[in-house]
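The sequence and structure go in here.

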Amino acid sequence: MTRKNPRIEEVDEQDIEAGDGPKSWAAGIPGVLHSMMPAVEHMGLDRTRRTVLKMNQKDGFDCPSCAWPDPHHRKAFEFCENGAKAVTWEATPVVIASDFWAGHSVSELRSRSEYWLGMQGRLTEPVYKAPGEDHYKPVSWDEAIRIIGTKLKSLDSPDHAAFYTSGRTSNEAAFLYQLFVRGYGTNNLPDCSNMCHESSGWAMGQTIGIGKATVSFDDYAKADLIIIMGQNPGTNHPRMLTELEACKDNGGRIVAVNPLPEAGLRRYKNPQKVKGIVGHGTQIADQFLQIRIGGDMALLQAVSKRVLDAESRNPGTVLDHAFLAEHCEGLEELTKHLAELDERAVLEATGLRTEDIDELADRYLKADKVIITWAMGLTQQKKAVATIKEIINLLLLRGNIGKPGAGASPIRGHSNVQGDRTMGIWEQMPQSFMEALGKEFGFEPPREHGTDAVETINRMRDGGIKVFMALGGNLVAAISDTHAAQAAMEQTEMTVQISTKLNRSHTVTGAEALILPTMGRTEIDIQESGPQFVSVEDTVCAVHPSRGSVEPVSHTLLSEPAIVSRLATEVLGTKINADWDGFEKNYDLIRDHISHVVAGCENYNERIRQEGGFILANGPRDSRTFPTPTGKAVLTVNELEHIERPAGTLILQSIRSHDQFNTTIYGHNDRYRGIKKGRHVVFVNPEDIAELGLADGQYVDIRGDYQDGMERMVRKFRLVSYPTARGCAAAYYPEANVLVPLNHTAEGSNTPVSKAVIVRLEPSPDQTPDAAERVTPGAAQAR
């Protein structure tokens, strides 16, 4: 049963509350209440039962938020707080009525906050904004497909279009989408990986030959030591806390490396255990290294140097010489390079004491099985690729890849972002994939590399990309340099968004714009051949099915595979040998082709129907084989460079609140950091506040300190005294994206550097927050 969108008021942020700093524990009974109460309130008891309790179950659907893997033996409550929020947000029975569009112009929608837009309810019918108009109007599916097809076929070159994808897309839809795009004639396939773990893929691909985790789900509990870097699992992937607890229960140790103290890295109260309800819970981090932003590379080099020094003092007893000799190259060069490492430079870069680094090195040397896991705190640095190469160096020195309980573990932040890449969503797919794709469908795919997310914005700005289509996601809000991204998007001739709910990208359009509503992962998908399911790949290479559990909120919705198939039929016709009509009717046909094209996916239909799905092969993990040019893992030499902080400035990083997932805002509270009723805050160490002559609670303007001729500023952020690392600050994403220059990107991966923004804080002339000015990123100024 559907409901029309309710009246949702903007949060005015007039009375932002800042508590007493970070909480000392995560989850527990509050986590359960914050999961279930909103679900029941917004969906009702029956719909909650049929969604939340089916999430991550073997006969249910994959959580639409993070990509944390599932255990072999599932619990009845195999979900976390933010997973429940994501399902509640998507599976709401509230829908946007047809008269909504006449009552709300695009200009007015742009003035609304991300929260307000998302709370309007599910999209249920295609809408179209004609050139010169300021309103979307409902159109039929046939008309919407015809408009898009006519435009794409009119372009002088296929490279004048770009096709974005988010990680919520299924393997089947992603495979069809990249086939459609390459059949059309371009490799312009930017995706959300470009902005998150692209650095991981580049670093790992160049050192061990594969850009994926080298651990399995079970390895976390088996590890002697887990080092967690630049990561906040308590908010971003809370189910990970259960496996960290298992590691501790088995005698393992955990070290957290982060500029901010995070509740989930301090103590975990598992709500499915008695000690998590009435007891103290489990202490997670045995050691917390509060590192200066950008200092991770220096820390890793310092630990590796200590490992090499220990080997020098006790030859043959520290390094895994057999592993290094058989499987690795570059040890001599690395040893020589790190011998010259300047300890003073390390301490300056990290903000740590020598004793802190010694303790970490001692823990590493005593552990036989070590996992190093990281997320965007590392990948969005200028030296991100080099930093992650240093992780691989440290692991290789003692053979911590390719054995149980050890390995490299990038944690993907979106549910199927890894599967999308496996299925071909990349602007630089290898030639082996392109050859297999062309052979399977009887055409010659384009071979020139396409544009990534940052380059897509640049080419829009310069007029080189005229049509932008997105299969999910919210690129305008997610990408850096908000004003540059908005201005670039407005330069296009057409924008197309395939979405479940409204977001910022629907309000920043080309001359023409369409929104195509699609089914969510929670919804039952019945096509002409019968009920369908899709599949996804999690962060440890496990591929498993996902089946919706509730009726779609509207009979007018199409699935993602259906939308892509209809677009391809209109645009390509018979240009390639693809049964688009059959793909829409029966997803098994899609998987048959995946079996023939995607390495490791042979017999896909048979293997995906096995209980729990299947695990993709991973040479470094499975057999210590490394698909590099030489067949060996590579220890690399990387030049240390730390962030210079001019006097009077701070190093800012963007972070998520506990009430959001990516750009989706569920509410305006961040209970683990003590923030209520607002998001326009900046967290600063109290000593830095005093040094800058400011005061806790006052309102400041944040000014980006860059020499590219552009001034970037956000106004009226509440200053919050908080135990950050000295010289460092934090503000919420996407509000802080304005401050990140578009071409301020990581070396090699071109990922926006959202974790190293040099800023100045200035008292706001008006100390009264102006809610009307600050509900959108439009409050920021760029000159």
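My entries on these topics follow.

Basis. I am working from a predicted model, where local features need pLDDT of at least 70, side-chain atom pairs count only at pLDDT 80 or more, and totals for chains, interfaces and linings use all residues. I number residues from 1 along each chain as its sequence is written, and side-chain values use heavy atoms, with hydrogens and water left out.

Sheet. I took helices (H or I, at least four residues) and strands (E, at least two) as DSSP runs, numbered from the N terminus. Two strands pair if DSSP finds at least two bridges between them. I looked up an open sheet of 3 strands, ordered β3-β10-β11, with mixed pairing. β3 (26–27) and β11 (282–283) each have a single partner strand, so one side of each lacks a neighbour in the sheet. β3 pairs with β10 (residues 267–269) in the parallel sense over 2 bridges. A27 has K269 in β10 as its bridge partner.

Rings. I counted rings of Phe, Tyr and Trp (its six-membered ring) as paired if their centres lie within 6.5 Å, with planes under 30 degrees apart stacked, over 60 edge-to-face and the rest tilted. The count is 13 aromatic pairs. W101 and Y136 are edge-to-face, 5.7 Å centre to centre with 75 degrees between the planes. W101 is in helix α4 (residues 100–103) and Y136 in the loop between β5 (127–129) and β6 (137–138), 35 residues apart.

Charge over ring. I required NZ of Lys or CZ of Arg within 6 Å of the ring centre and within 35 degrees of the ring normal. The charged end of R112 sits over the ring of W116, 4.1 Å from its centre.
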